[in-house]
Amino acid sequence: MLEPVLTFAESHQGLLWSVGIASAAVFVASLVAMPWLIALIPADYFAHEQRPPSRWAHLHPVLRFVVFVARNIVGTLLVLAGIAMLMLPGQGILTIVVGFLVLDMPGKYTLERWIVGKRMVHKPLNWIRAKRGRTALQIYQHAHPQESPNP
């Protein structure tokens, strides 16, 4: 049962080394890029009930459509690559998360806001932002209607 895997590994050593080196490079690049990307998020990005208008909103509709399609193609490829990396060497889960963040789909902003609103996520993000001299992320808090007292 293990023999075919060992045979493949012996006959494809160059490929396996290349994949391993690429995986390590992606891991290091993600460690360097994550704090930078977190610092780029506007402090009030998650402070709204609806997603703020994107910076692409002012573009011509055709160009906006091209950007939309390109983002979704890249996001889909990243999600698929991440799924493959769950079985192959690589940062599968991280790649899936990045792919998901690139995708443009309904309900994504609400899910992002919910995830970032969790203390386990919000606190480290704000710690990273503080290290970069950025203000803390503001999170939209849904207003619950006050219960009126019974007369």
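A nonpolar patch on the surface is formed by Phe65, Phe68, Val69, Ile73, Leu77, Leu80, Ile83, Leu86, Met87, Ile93, Val97 and Leu101, which together have about 1,200 Å² of accessible area (Shrake-Rupley method, 1.4 Å probe). Patch residues have over 30% relative accessible area and no salt bridge, and nonpolar side chains are joined within 5 Å; a salt bridge is a side-chain nitrogen of Lys or Arg within 4 Å of a carboxyl oxygen of Asp or Glu. The model is predicted, with pLDDT of at least 70 needed for local features and 80 or more for side-chain atom pairs, while totals for chains, interfaces and linings use all residues. Residues are numbered from 1 along each chain, and side-chain values use heavy atoms, without hydrogens and water.

Helices H3 (61-85) and H4 (92-102) each supply at least two residues of the patch (helices are DSSP runs of H or I, at least four residues, numbered from the N terminus). The largest share, seven residues, comes from H3. Leu77 lies in H3 and is exposed, at 53% relative accessible area (exposed is over 50%, buried under 20%, partly exposed in between).

Asn72 is also placed in H3, but is buried at 16%. Its side chain has a polar atom 2.9 Å from the backbone oxygen of Phe68 and reaches the backbone nitrogen of Asp104 at 2.9 Å. Leaving aside residues up to four places away in sequence, Asn72 touches Leu103 and Asp104 (heavy atoms within 4.5 Å).

In helix H5 (residues 108-117), the residues Lys108, Tyr109, Glu112, Arg113 and Val116 are buried. Viewed down the axis of H5, these buried residues fall within an arc of 130 degrees, so they line one face of the helix (the arc is that of the directions from the helix axis to the C-beta atoms).

Terms used:
Buried means under 20% relative accessible area, exposed over 50%, partly exposed in between (1.4 Å probe, protein chains only). Patches are made of residues with over 30% relative accessible area and no salt bridge: like charges are joined within 9 Å, nonpolar side chains (Val, Leu, Ile, Met, Phe, Trp, Tyr) within 5 Å. A polar contact is a pair of N or O atoms within 3.5 Å; within protein, one must be able to donate a hydrogen and the other to accept it, and residues adjacent in sequence count only if both atoms are side-chain atoms.
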